[in-house]
Every structure is written in structure tokens, then in C-alpha cells.
Amino acid sequence: MAIIISKDGKNAQKVNPSNFDLENKIQEYIFENPDTIPLYEIASDIRLFIAAREFQTKSGPIDGLGFDEQGNIYVIETKLYKNPDKRTVLAQVLDYGASLWKNYSNFEDFIQQLNQASKKKFNTLFQDKYAEFFGLEDASENISLIQSNLSAGKIKFVILMDKLHDQLKDLVVFVNQNSKFDIYAVEIEYYKHNDFEIVIPKIYGTEVKKDLQLDTQKTALEYT
């Protein structure tokens with residue numbers, strides 16, 4: 001698909017899709033621009049703070065580790081469509097989630113690792129940057145929610161690619177519908193025009209979770 005760019009309705013130009021040549025480029029882009037992952041389509045008030053890149057676990061480094069204001073944890077994995085490992089990406093993110101839950105049973109170790117990443121990127125501690133990002137005077141309760149979610153292994157997963165194949169979309173829907181996991185797949189169209197970059201994200205897996213929530217609420221009402 002191409003897009004048309006014009007100024008004041010004149011001199012329209014067709015801009016064809018460009019490519020992220022390196023996975024590192026996608027990681028860097030979403031780290032700097034977390035709204036590229038459109039979680040706001042799940043709920044309008046969800047904002048994503050990506051606190052760390054290459055966050056270390058015993059299963060390998062997580063491409064991106066993010067949090068929202070409600071203390072939810074997001075494991076983010078980026079892949080290019082041309083990467084031969086793309087077929088195993090779902091197993092990879094679940095492995096990272098299990099390793100995160102298992103290896104950081106001591107929450108202080110988890111915070112220490114986040115502090116190292118936060119100091120490197122933001123020149124401040126994780127809790128301080130988290131509070132600043134969400135406009136909070138005190139993030140203590142939010143950090144406690146993060147601790148509870150980590151302890152319970154309650155982790156959300158995001159797979160982000162420049163192109164999603166149909167089998168992965170089907171697999172995400174299947175897993176979401178038949179498990180307690182929250183897994184989202186994001187496909188991004190990328191365009192570059194002069195000094196401007198245009199990204200169009202599409203998220204998959206959200207409608208399944210909404211439908212399941214509605215079914216659960218309906219069942220609960222039937223039994224009251």
C-alpha cells in the first residue's frame with residue numbers, strides 16, 4: 001500500500017513503504033516511540049512505558065520490557081519477516097516470560113536490573129522515571145502492583161513485526177481464546193519521506209480478549 005502526501009492540497013506525492021532493515025532499528029524506534037504499540041486500542045487510557053532494551057534473563061535478552069500505569073508487565077519481542085526464527089517467536093516470548101518470573105523471584109534483583117537500564121537511558125532510577133512518565137507524585141503503589149504481577153507470573157506479551165504471517169495471527173487468536181495469556185501481535189507499516197517517518201501500526205489479538213471479558217461478565221450476571 002502507498003500513501004499520498006500533500007501540502008495545502010497541492011503537489012501530492014506518492015510514498016511507497018520502506019523497510020526496517022535491522023531488528024535493532026525496530027527496537028530503537030519503539031523504545032523512543034512506545035505509542036507505536038497501539039495498546040490504546042484495548043483501552044483508551046493505556047499508555048506503555050518501555051523501561052529497558054535487551055533486559056537480561058537466563059533464556060536470553062528481552063528486546064523490550066514495558067509497563068503500564070496499572071502495573072502490568074509487557075514482554076516485547078521484535079522480528080523482521082525475513083528472519084527465519086519468526087515461526088518460533090511465540091514460544092520465544094513465553095520462554096522469556098517464564099524466565100523473568102522464575103529468575104526474578106527476588107523483586108529487589110528485578111528493580112536493581114531496571115535501575116541499571118534506567119540510569120543508562122534516562123539518567124535516573126526506574127521508579128522516578130516511571131512516576132515522571134505517568135505524571136505520578138508517588139509510584140509506590142504502582143511498583144507494588146508490578147511486584148504482585150511478577151510474583152504471580154502475570155505477564156503480557158507483544159510480538160512486533162514489519163509483516164505478520166497468517167499462521168502467527170491465527171496462533172495468537174487461538175492461544176488468547178484458550179488460555180489466560182494476553183498475547184498481542186503488532187504489524188507496522190513504515191514510510192519515510194524526507195525528514196519524516198510515518199508508522200501505521202495494526203494490532204491483532206485484542207478483540208478476542210474483549211469478547212472473553214464480555215462472556216465472563218455475562219456468565220457472572222447469569223449466576224447472580
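Predicted model: local features only at pLDDT ≥ 70, side-chain atom pairs only at ≥ 80, totals over all residues.
Residues are numbered from 1 along each chain as its sequence is written, and side-chain values use heavy atoms, leaving out hydrogens and water.

Around that pair, strands β4 (residues 62–67) and β5 (residues 73–79) run antiparallel over four bridges; strands pair here if DSSP finds at least two bridges between them. Helices (H or I, at least four residues) and strands (E, at least two) are DSSP runs, numbered from the N terminus.

Stepping back, six strands make an open, mixed sheet in the order β3-β4-β5-β6-β7-β8. β3 (49–55) and β8 (196–204) are at the edges with a single partner strand each, so one side of each has no neighbour in the sheet. From one strand to the next, the twist averages 25°. Helix α1 (residues 23–32) packs on this sheet and touches β3, β4, β5, β6 (155–161), β7 (182–193) and β8, contact meaning heavy atoms within 4.5 Å.

Now for the helices α3 (residues 107–122) and α5 (residues 140–152), which pack at about 120° with axes 11 Å apart. Axes are lines fitted to C-alpha atoms, for helices over the stretch in contact, and angles run from 0 to 180 degrees between N-to-C directions. Phe 107, Phe 110 and Ile 111 in α3 meet Ile 143, Ile 146, Gln 147 and Leu 150 in α5.
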